Structures are given as structure tokens and as C-alpha cells.
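Visitor: Could you show me how to read the nonpolar core of a protein model, and then its overall form?

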Amino acid sequence: MEKIILSFEEALLSLDRLRIKELIEQATKNDTNIQVVEKLVVPALEKIGAGWQNGDIALSQVYMSGRICEELIDEILPAKSPDRKSQPKMAIAALDDYHLLGKRIVYSVLRSSGFELQDYGRQNSESMVKKAIEDEIRILLVSTLMLPSALAIKDLRNQFNEKQVSIKIVVGGAPFLFDSNLWKEVGADAMGKNASESVVLVSKIMGDLS
């Protein structure tokens with residue numbers, strides 16, 4: 001798998017869409033579309049991100065790789081599924097972050113798994129609380145990339161508590177991978193390490209709410 005990840009990374013950096021498509025088709029012969037995202041797309045993007053941090057890759061390459069993968073995810077993880085699930089209202093958002101790819105992946109995986117949820121895009125804590133209350137959201141998934149955004153989830157939880165709103169908050173993103181207890185410290189109900197795990201967590205929370 002490491003070899004195909006490297007080839008996929010090289011194809012992204014060279015903007016070779018034909019090669020990217022070939023590699024995806026090759027990967028889907030052995031894995032499901034969701035597994036391909038988790039085992040191929042995400043690791044390749046992580047390598048590209050590390051390359052930028054090390055000064056080996058231009059920011060423009062990081063940006064274009066992300067955009068190509070967003071288009072790719074929309075294509076291989078269909079927005080609609082014939083088997084929609086009976087569920088409480090859900091939404092997903094990035095909190096004070098401009099890096100939306102992680103949120104996009106989780107959103108697509110959940111939709112392709114039969115869940116329905118609203119995409120709030122990028123929000124600050126005040127606007128997110130307002131939208132969630134207006135839409136009567138019961139499960140809120142929050143994606144963060146930077147530590148300050150992760151810490152801001154504590155304020156998000158406090159605002160819901162002050163308004164006496166019962167809502168389950170599921171968090172994800174790099175800060176929570178670096179500190180395995182951070183999600184508890186900020187008042188979240190669960191933390192997903194990857195997009196596939198979010199499906200399991202949401203299913204469990206749905207069971208708890210029913």
C-alpha cells in the first residue's frame with residue numbers, strides 16, 4: 001500500500017488527474033470507496049502536508065492537492081444513498097478553521113453511509129450555537145486543525161449549557177490526535193480519529209439517544 005500512496009502523492013503534486021483516476025480505480029478493486037479514502041487519499045495528503053512543513057513542497061501544491069481530493073471524494077463517495085437512516089438531526093462544521101478538507105471527508109463518508117446531515121461550513125462558536133439551536137440539531141460534529149480552535153470547543157459547550165440545550169458534540173482533528181484526553185477537557189461527548197470511526201460513533205450516539 002505504501003507504494004501506491006507514494007504514486008498517488010506524486011500524481012497529486014504533478015496535478016496528473018489521469019494518473020490519479022487510474023490509481024483510484026486500481027485501489028477500489030481491493031477496497032471499498034470509504035477504505036480507499038482512509039487508506040490512500042488521507043495518508044497521501046498527510047505526507048504532502050508534512051512536506052510543506054519541512055519546506056519541500058509549495059503551499060500552492062498543498063492547496064491544489066486538497067482541491068483535487070475534494071472533487072475526488074465527491075465523486076467516489078456519493079452524496080445520496082438509497083438507504084437513508086432514521087436518525088436525529090445532525091450537522092457538521094469547522095470551528096474557526098479555514099482548512100475544510102477533514103470536515104469534507106467526514107461529511108462525505110457519513111452521507112455515503114446513509115446518514116443525512118447539514119454542512120455548516122466554517123463557523124465561529126456563536127454562529128454555530130445559533131444555527132444548531134435554530135435547526136434543532138441533536139448531534140454536532142466539529143472539525144478543527146489548530147489547537148486554539150480545539151480549545152474553543154469548551155466555549156461552544158458552555159454556550160449550549162447556558163441555553164440549556166441538550167446536544168451531543170463529536171470532535172475530530174489533529175489536536176485531538178496529539179492529546180488523547182483533550183476531547184474530554186473541552187466538554188465533547190466523543191472523539192473520532194478518522195472518517196470511518198465517525199460512522200461508528202454517530203451510530204452509537206444514535207442508539208444512546210433512542
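Visitor: Which residues have the most contacts inside the largest nonpolar core?

Guide: In soluble globular proteins, nonpolar side chains tend to be buried together. A nonpolar core here is a set of buried Ala, Val, Leu, Ile, Met, Phe, Trp, Tyr and Cys residues joined through side-chain atoms within 4.5 Å, where buried means under 20% relative accessible area with a 1.4 Å probe, protein chains only. In this predicted model, the largest such core has 43 residues, and F8, L12, I24, L40, L110 and L141 have the most contacts inside it. Helix 3 gives the most to this core, with 7 residues, while the elements that each supply at least two include helix 1 (2–13), strand 1 (90–95) and helix 11 (195–209).

Visitor: What does the secondary structure of the protein come to?

Guide: Helices (H or I, at least four residues) and strands (E, at least two) are DSSP runs numbered from the N terminus, and the protein has 11 helices and 5 strands. Its radius of gyration, taken over C-alpha atoms, is 17 Å, close to the 17 Å that the globule rule (2.2 Å times the number of residues to the power 0.38) gives for 210 residues, so the protein is as compact as a globular protein of that length. The C-alpha trace spans about 50 × 40 × 25 Å along its principal axes.

Visitor: How many of the 210 residues count as buried?

Guide: By that cut-off, 47% of them do.

Conventions
Residues numbered from 1 in each chain as written. Predicted model: local features only at pLDDT ≥ 70, side-chain atom pairs only at ≥ 80, totals over all residues. Heavy atoms only, no water. Buried < 20%, exposed > 50% of the residue type's maximum accessible area, 1.4 Å probe, protein only.
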